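Thank you all for coming. I would like to walk you through one structure, a few places at a time, so please have it open as I speak.

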Amino acid sequence: MEPRRDGQVPAGRARGPPSSPRTFPRGRLRPRTDLARTGFFSPGSVKNPSPNGLSSALHIPIAHSRAGRGVMAPVSLPGLVPCAPRPCRPVSRGAFPIALRIWLSSAGVAATEVARMLRENPDATDVRIYGTNISRHAPALSVCDVSEVEPHRVSNAAYAEFALDFCRRHAIDVLIPPRRLDALAPYADAFAALGTKLMCSPAPAVSVLTSKSGTYEAARAIGVPVPPWWIVSDGDALRAAAREIADEGGTACIKPAGEFSAFGFRILDDTPLRITDLLAPARPVASLGAVADALNRAVDQGERVPEFIVMPYLDDPEVSIDCLSAPGGAMVTCVARSKDGRYRHLLDAPALTDIARRLVSHFRLAYLSNVQLRHWRGRPMLLEANPRASAGIFQTAFAGVNLPWAAVRLLLTGDPGRLEPPRLGGRVAVTETVMALTPAQPPVKQLAQPPLQQLAQPPVHALAQPPAQSLAPPVSAGA
């Protein structure tokens, strides 16, 4: 997708002088205050002992804007006059930053685990996590060292301008975007001019894969099995597509045809509800008539109606394949996991991973990507191919691989590091957890209420009390 010519991203601005290095204990979050650019070790690389006792040298080459020329190279985009370069601290080529600055944009809940995997990397490299979300209350921002609010519902050009400015202000080394790739991919060179490596596949691949219809057409052309599908934007076309699916014995489903993740997905089912349906977990079901009427009503009122894709609701199991590949589409490793409620099975399924391998190679996907499969009449079918990491990529850690860090190494050095073959065949469960967003305040001392004082005592003291005092009756325990 070509970027808009109006509202282009402004020329770059040099970073300010670096501040003194700050060090923090490993494994602990750093203060959520933005520092100026950290100091550097110079020259060469830094050798860090890996957890397995092997010496591991991670050599991070600094981009040309940090290459010791004494100036910061400006961003140059078509039709714009670049700013004059400004002086910055000379740095020897090949210098290694004290803390690698990684920006997780559009940070969702899963980013909390990705941040942990990046910090606990096998090279023992110090990592500083930057995070943005459209909501300042997003839980993922609480685990970031620096966080900001990012713009919501803006044009691609406006979002790219925000991203370039964020990287410029914070001296970001690596940007890992899970969304808005179509806005960022065309500006990979502009990010590089700032010294930021953009973890993203080529813009042409992103443009095709952002469209589900385009994805299916391209996949079918190379022999990857895809389900029948229809593109609709009004109620009449929706009813016609659903009728064809029903004639083949299937149940229709609908979802937006663009980059909306799982948002907007509905199973179209007019079957009358039963008591068992009301007692079972809720499903994303909508009436065909209600959805068709909503589309027609939007058209009549002059609203912009995006394209929707209609297809048969495919059978379980759903298989998600997380891929790590080199630029050009050469697969480095991948982990397939099937979904069964809260359980995930780490699959040893060459026939399924071969589908992912063909797609990654064809689209020349780089770094992290994800392929999702379901089944139709007993055959695996392509559900989605995404040029980004999946939300559940952290689950691959149970296969013994750290894909987010391997992708960062691959992006910066061309080498993913030592990767053992994934441990497959296991079964894991997705469970809920809680995290403190603000420190809990100590309870107020109330001498007039001894029971509250007793409850506020540390657990070790409660266990040390006599049984008659430490065990409360059932009614009190539930109060």
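Let me begin with a term: a residue is called buried under 20% relative accessible area, exposed over 50%, and partly exposed in between, using a 1.4 Å probe and protein chains only. This is a predicted model, in which local features need pLDDT of at least 70 and side-chain atom pairs count only at pLDDT 80 or more, while totals for chains, interfaces and linings use all residues. Residues are numbered from 1 along each chain as its sequence is written, and side-chain values use heavy atoms, with hydrogens and water left out.

With that in place, C144 is buried, since its relative accessible area is 2%, and C200 also counts as buried, at 11%. If a disulfide is taken as a pair of cysteine sulfur atoms within 2.5 Å, the count is zero.

T271, by contrast, is exposed, with 52% relative accessibility. T271 sits in the loop between strand 12 (266-268) and helix 8 (275-279), where helices are DSSP runs of H or I with at least four residues and strands are runs of E with at least two, numbered from the N terminus. The C-alpha atoms of T271 and S287 are 8.5 Å apart, although 16 residues separate the two along the chain.

How do helix 5 and helix 6 pack? Helix 5 (residues 203-210) and helix 6 (residues 212-221) meet at an angle of about 105°, their axes 5 Å apart, with axes being lines fitted to C-alpha atoms over the stretch in contact and angles running from 0 to 180 degrees between N-to-C directions.
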